[in-house]
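Please look over the backbone and the sheet of the structure below. The briefing that follows lists a few local features, grouped by topic.

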Amino acid sequence: MIREKTIVLGVTGSIAAYKAVELASKLTQEGARVNVVMTTSAQEFVTPMTFRTVTQQPVVTEMFDIASEISAAHIALAERADVVVIAPATANVMAKLACGIADDMLCCTVLATKAPVIVAPAMHANMYENHATQENVSKLKARGFTFVGPAYGRLAGGASGLGRFAEIGEILGTIHQVLGRGGDLAGRRIAVSAGGTREPIDPARVIGNRSSGKMGYAIAEAARDRGAYVVLVSAPTALNPPVGMEVVQVETTIQMRDAIVNATAQADALIMAAAPADFRPVATAESKIKRKGETITLELVENPDILGEVRSDLARVGFAAESENVVENATEKLKRKNLDLIAANDITATDSGFDVDTNKVVLIDRDGNVEDLPLLSKYEVANRILDKVVELLPKESV
Ligand code: CTP
């Protein structure tokens with residue numbers, strides 16, 4: 001989605017300007033053309049050369065340094081932009097934009113663009129909470145600007161408060177989401193499950209599995225980046241909750257079943273990438289089970305099959321983590337669970353399966369078509385699955 005897009009990155013005079021270098025670098029690595037526009041005070045914190053080097057693009061710093069080309073320059077940038085991101089945004093730039101003041105290149109560009117604008121504020125908490133700033137935030141939101149952050153946390157100077165520059169991952173997620181509006185899943189609701197559920201044995205111990213949640217999170221993000229409204233039902237993982245979607249955190253298979261039944265009430269598709277525990281202890285001990293130097297027996301009962309409990313009139317995609325006879329076992333599972341598509345992976349293959357960023361899957365549909373994908377990033381696998389989901393969805397409601 002971001003590849004070949006033009007992102008105008010406005011950098012203003014906050015200490016967080018140094019973090020914008022990482023943002024510019026990540027966007028460039030993802031294939032975007034990043035045109036940085038720096039205010040004069042931003043240059044007190046980071047040099048234009050730094051941005052020029054990481055983006056391999058000229059950096060715009062001053063409105064009147066190329067007098068003859070100036071009037072064209074900001075209009076050209078404004079027109080070329082697919083999105084304008086002001087990160088970090090000071091109270092000053094927000095005040096100027098709220099009032100329509102165009103006395104620097106960044107404000108001129110924002111006023112002249114028809115592209116969506118994302119603002120990531122960074123400032124002292126008192127400044128952010130000040131009525132004047134809050135009024136400006138409200139005005140800009142009312143004009144359709146998307147805000148990301150600020151977060152609560154440690155601020156420059158040592159104090160803590162609301163004013164901290166959002167995490168780069170959160171800003172990147174917001175850019176993906178905004179650029180994905182109008183994608184081929186726009187207007188669709190997609191429910192995705194991720195992670196391995198845990199069944200409590202006692203207050204300290206659980207039965208779990210090795211699912212990292214990475215595949216499910218990649219699917220949720222890819223669906224968001226294609227314009228879908230996403231509900232991600234997540235079992236515990238070490239991953240940060242993605243931005244731009246509804247995230248429902250659950251622990252056990254029964255909780256996941258309830259959340260999925262809710263999430264699919266209105267959904268067009270369900271993609272079950274989670275590894276729900278198939279069994280749970282018959283009873284959870286109220287206090288921690290102590291060692292007594294003897295063998296103990298844990299009695300387990302079967303959990304519900306979540307896919308078996310959801311509406312059957314939505315597109316349903318399952319996963320099959322197999323260690324042998326991958327295609328045969330997955331095909332049997334597709335039929336048994338009455339799925340439209342199954343993504344089967346050989347968990348014994350190198351760089352495929354649990355806790356890695358790549359996956360090697362075979363996609364099998366209801367008609368028996370088998371597509372053996374090469375080793376890809378989980379985000380790319382997610383997009384290949386979503387290509388099939390788009391085909392499965394009824395065209396009339398597009
Ligand atoms: N699944 C589910 N509910 C469960 C267990 C699994 O909906 N209680 C879903 C998984 O999310 C996955 C698909 O079913 O999309 C296949 O999961 P898998 O664990 O491979 O299948 P099982 O039904 O558990 O079969 P088995 O463990 O016997 O291979």
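Asparagine 325 sits in the loop between strand E16 (315–322) and helix H11 (326–336). The model is a predicted one. Asparagine 325 is a residue other than glycine with a positive phi, near 40°.

**Positive phi**

- Most residues other than glycine have a negative phi.
- The phi of asparagine 325 is positive, and this residue is partly exposed, with a relative accessible area of 47%.
- Glutamine 56, which is not a glycine either, has a positive phi of about 60°.
- The loop between helix H2 (48–55) and helix H3 (70–80) holds glutamine 56.
- Glutamine 56 is exposed, at a relative accessible area of 63%; the cut-off for exposed is over 50%.

**Cis peptide bonds**

- Most peptide bonds are trans.
- The bond from alanine 87 to proline 88 is cis, and its omega is near -5°.
- Proline 88 belongs to strand E3, which covers residues 83–89.
- Glycine 149 and proline 150 are also joined by a cis peptide bond, with omega about 5°.
- Proline 150 lies in a loop, between strand E5 (146–147) and strand E6 (151–154).

**The eight-stranded sheet**

- An open sheet is formed by eight strands, and its order is E12-E11-E8-E13-E16-E17-E19-E20.
- Pairing within this sheet is mixed.
- Strand E12 (246–249) and strand E20 (370–372) are the edge strands, each pairing on one side only.
- On average, neighbouring strands of the sheet are turned by 15° against each other, with direction ignored.

- Strand E8 (residues 189–194) and strand E11 (residues 229–234) run parallel.
- Six bridges join E8 to E11.
- Alanine 191 has valine 231, in E11, as its bridge partner.
- Helix H10 (residues 253–263) lies across E8, E11, E12 and strand E13 (269–272).
- The angle at which helix H10 runs to E11 is about 170°.

Terms used: Residues are numbered from 1 along each chain as its sequence is written. This is a predicted model: local features need pLDDT of at least 70, side-chain atom pairs count only at pLDDT 80 or more; totals for chains, interfaces and linings use all residues. Side-chain values use heavy atoms; hydrogens and water are left out. Helices (H or I, at least four residues) and strands (E, at least two) are DSSP runs, numbered from the N terminus. Buried means under 20% relative accessible area, exposed over 50%, partly exposed in between (1.4 Å probe, protein chains only). Two strands pair if DSSP finds at least two bridges between them. Axes are lines fitted to C-alpha atoms, for helices over the stretch in contact, and angles run from 0 to 180 degrees between N-to-C directions. Contact means heavy atoms within 4.5 Å.
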